[in-house]
Amino acid sequence: MFAAILVLILSCQKNLVFEQYKTIEHQSWYKDSVLVFNIPVSDTTDNHNFYINIRNDIKYEYSNLWLFISIEQPDGKTVEDKFEIALADPSGKWLGKGFGGLKTREAIYRRNVFFPMSGDYKVTIQQGMREDYLKGISDIGVRIEKVE
């Protein structure tokens, strides 16, 4: 059993291209605060899955989170998008994993992403809820994995 789990963990890690979290100070995300992730890309042949990861306190008042996402390629071309992540099911049960008061929700943002050129891609994320200060969000993460 342990060997199977270890193989699963190691196989996921070999496909990992990038992963980083940004901490939201005092778990209070101001509406104009923009998180910036600089993603170095060298592989322009394989497809990738792009994840957005959210860590929220169980005292977070909503069941979802709207995000404004912008991706700037090395040549300056930019794509802007809105993305909704469900953090709880309709009954109020948290969808994220974790013990105690902090849950981590991993959501696939885009499947089979092709990076057309190598270089640094700049990803910016801003909360899109209707609150000046969104309380209860601890960290925002971005993860890129190669598709097998």
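This is a predicted model: local features need pLDDT of at least 70, side-chain atom pairs count only at pLDDT 80 or more; totals for chains, interfaces and linings use all residues.
**View A. Lys31 meets Asp132 in a salt bridge.** The closest N and O atoms of this pair are 3.2 Å apart. Lys31 sits in the loop between strand 2 (28–30) and strand 3 (34–41), while Asp132 sits in the loop between strand 8 (119–127) and strand 9 (133–135), so the bridge ties together parts that are 101 residues apart in sequence. Lys31 is partly exposed, at 34% relative accessibility, and Asp132 is partly exposed too, at 43%.

**View B. Lys146 pairs with Asp46.** Here the salt bridge has its closest N and O atoms 3.7 Å apart. Lys146 belongs to strand 10 (residues 137–146) and Asp46 to the loop between strand 3 and strand 4 (47–57), so this pair ties together parts that are 100 residues apart in sequence. With 34% relative accessibility, Lys146 counts as partly exposed; Asp46, with 30%, also counts as partly exposed.

**View C. Asp81 and Arg110 form a salt bridge between two strands.** Their closest N and O atoms are 2.2 Å apart. Look for Asp81 in strand 6 (residues 78–86) and Arg110 in strand 7 (residues 102–114); the pair links distant parts of the chain, 29 residues apart. Asp81 is partly exposed, with a relative accessible area of 22%, and Arg110 is partly exposed at 37% relative accessibility.

View D. For the model as a whole, the count comes to 8 salt bridges.

Technical notes. Residues are numbered from 1 along each chain as its sequence is written. Side-chain values use heavy atoms; hydrogens and water are left out. A salt bridge is a side-chain nitrogen of Lys or Arg within 4 Å of a carboxyl oxygen of Asp or Glu. Helices (H or I, at least four residues) and strands (E, at least two) are DSSP runs, numbered from the N terminus. Buried means under 20% relative accessible area, exposed over 50%, partly exposed in between (1.4 Å probe, protein chains only).
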